[in-house]
Amino acid sequence: MSAALLRRGLELLAASEASRAARGQAKASGAPMKRTRRARAKASQALKLRNSAKGKVPKSALAEYQKRQSRDHLKANLKFMTSVRSTVPESVTQQILQQNQGRKACDRIVAKMTKKKKAEGTVFTEEDFQKFQREYFGS
């Protein structure tokens, strides 16, 4: 037990012993004990304070539950994102997006070729192929 609880217990015990002694004396003298209005108000206030924690107001269970629940910030975030207008140039945006892509080849954007290759024609003619065929196969 803590010292404060022990002290409080002794005070209550002393108070109950004092009230027993006072009752015994009052009965012996025959005069009834009357309390003044202030004494009664003070006694009732002491009972009220004793029943509650020191100055703490009980919290509602609903408020505690709502405080512990995770909040959804989607609406506020969307509102902020749509209200803010970006002044960043498009080239900077593209550069940032390109840097944030993966390092794998499949994630890379293929740069468009500036030079298109011409459709190459064959150097050999059909007669050259026939000549080669006769020489190689002997037919």
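These are my notebook entries on a predicted model of one protein chain.

**Entry 1: overall make-up.** Read from the N terminus, the order of elements is α-α-α-α-α-α. I then turned to burial: of the 139 residues in the chain, 1% are buried. The chain exposes about 14,800 Å², and carbon and sulfur atoms supply 58% of that area.

**Entry 2: helix α1.** I noted that helix α1 covers residues 3-29 and contains L6. Together with L10 and L13, L6 makes a nonpolar surface patch of about 300 Å². L6 is partly exposed, its relative accessible area being 47%. In helix α1 I also examined E11 and R8, which are three residues apart and so separated by about one helical turn. They form a salt bridge whose closest N and O atoms are 3.5 Å apart. Both partners are partly exposed, E11 at 45% relative accessibility and R8 at 34%.

Entry 3: Which residues are linked in a network of salt bridges? I found E64, K67 and R68. E64 meets K67 at 3.9 Å, N to O, and meets R68 at 3.0 Å. Helix α3 spans residues 61-68, and within it K67 and E64 are three residues apart, while E64 and R68 are four residues apart, about one turn of the helix.

Is E64 buried or exposed? Its relative accessible area is 19%, and because buried means under 20%, E64 counts as buried. K67 is exposed at 52%, and R68 is exposed at 65%.

**Entry 4: tally.** I recorded a count of three salt bridges.

Key: Residues are numbered from 1 along each chain as its sequence is written. This is a predicted model: local features need pLDDT of at least 70, side-chain atom pairs count only at pLDDT 80 or more; totals for chains, interfaces and linings use all residues. Side-chain values use heavy atoms; hydrogens and water are left out. Helices (H or I, at least four residues) and strands (E, at least two) are DSSP runs, numbered from the N terminus. Buried means under 20% relative accessible area, exposed over 50%, partly exposed in between (1.4 Å probe, protein chains only). Accessible areas come from the Shrake-Rupley method with a 1.4 Å probe; for residues, only the protein chains shown count as cover. Patches are made of residues with over 30% relative accessible area and no salt bridge: like charges are joined within 9 Å, nonpolar side chains (Val, Leu, Ile, Met, Phe, Trp, Tyr) within 5 Å. A salt bridge is a side-chain nitrogen of Lys or Arg within 4 Å of a carboxyl oxygen of Asp or Glu.
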